[in-house]
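Here's a quick walk through one protein-ligand model, with the contacts laid out plainly. Have the viewer open while you read.

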Amino acid sequence: MERTLVLVKPDGVQRSLIGEIISRLERRGLKLVAMKLMQVTEDLAKRHYGEHAERPFFPSLVGFITSAPIVAMVWEAENAVEVVRNTIGGTNPADSPMGTIRGDLALDIGRNLVHGSDGPESAQREIELFFKTEEILEYGRSNDSWIKEL
Ligand code: DAT
Ligand code: MG
């Protein structure tokens, strides 16, 4: 089953939106398989956002993500990467449709509340940055057949 990394960024934690963001993913039907509240170090931030190292916004992005605690999670579903990206909305909240997390709850590209991996390979790389194998759980849910036709 596909897995993806989701972060509730410091703005989401400070704005008391952890529950709201988790709730949207839960209600969609995805399965939460790992979660922790943590402080991102500068080293982890630079690795996580390595693809953006040369962009002008990189220093402020690293400063932001390390500025206060985040919630890191792994969510599982068929096509989890795409489903989570669609649930989150586009990078710039101002252009995100209503009904998406960013479209409903955010305004600014530098305060867009949540991260979701952008592909299966980056998901695997990012999950390994944030979680040890034993921190990711495998379990069944009694309502799985009401979410996904087997
Ligand atoms: P996403 O988070 O939608 O995957 P991304 O990977 O392109 O977007 O960029 C990572 C984060 O960097 C993004 O959530 C917010 C910030 N960012 C991206 N483009 C930016 C820009 N043009 N100006 C300021 N911040 C930007
Ligand atoms: Mg990205």
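Is serine 60 buried, partly exposed or exposed? Serine 60 comes out as partly exposed, at a relative accessible area of 49%. On that scale, buried means under 20% relative accessible area, exposed means over 50%, and partly exposed is in between, using a 1.4 Å probe and protein chains only.

Some ground rules before going on. This is a predicted model, where local features need pLDDT of at least 70, side-chain atom pairs count only at pLDDT 80 or more, and totals for chains, interfaces and linings use all residues. Residues are numbered from 1 along each chain as its sequence is written, chains are lettered from A and ligands numbered from 1 in the order in which they are written, and side-chain values use heavy atoms, with hydrogens and water left out.

Back to serine 60, which sits in helix H4 (residues 58-65). Helices (H or I, at least four residues) and strands (E, at least two) are DSSP runs, numbered from the N terminus. The serine 60 side chain reaches the backbone oxygen of phenylalanine 57 at 3.0 Å. That's a polar contact: a pair of N or O atoms within 3.5 Å, where within protein one must be able to donate a hydrogen and the other to accept it, and residues adjacent in sequence count only if both atoms are side-chain atoms.

Phenylalanine 57 also turns up around ligand 1, together with Lys9, Tyr49, His52, Leu61, Arg85, Thr91, Arg102, Ile109 and Asn112. A residue makes that list if one of its heavy atoms lies within 4 Å of the ligand. Polar side-chain atoms approach ligand oxygens at 3.0 Å from lysine 9, 2.7 Å from arginine 85 and 3.1 Å from arginine 102. Taken alone, ligand 1 exposes 520 Å², and the protein buries 77% of that. Those areas come from the Shrake-Rupley method with a 1.4 Å probe; for residues, only the protein chains shown count as cover.

Now for helix H2 (residues 18-28), where Ile21, Ile22, Arg24 and Leu25 are buried. Seen down the H2 axis, the buried residues fall within an arc of 155°, so they line one face of the helix. That arc is taken over the directions from the helix axis to the C-beta atoms. Glu26 and Arg27 are exposed on the face turned away from the buried side. Cover for the buried residues includes strand S1 (3-8), strand S2 (31-38) and helix H5 (80-88), with contact meaning heavy atoms within 4.5 Å. Just after H2, glycine 29 takes a positive phi of about 115°.

On to charges: the whole structure has 8 salt bridges, each being a side-chain nitrogen of Lys or Arg within 4 Å of a carboxyl oxygen of Asp or Glu. Here are some of them.

| Pair | N to O distance |
|---|---|
| arginine 3 and glutamate 76 | 2.9 Å |
| glutamate 42 and lysine 46 | 2.8 Å |
| glutamate 78 and lysine 148 | 3.7 Å |

Glutamate 78 is in the loop between S3 and H5 and lysine 148 in the segment after helix H8 (144-147), so this pair ties together parts 70 residues apart in sequence. Glutamate 42 and lysine 46 are 4 residues apart in helix H3 (residues 42-48), about one helical turn. Glutamate 76 counts as buried at 14% relative accessibility, while arginine 3 is partly exposed at 27%.
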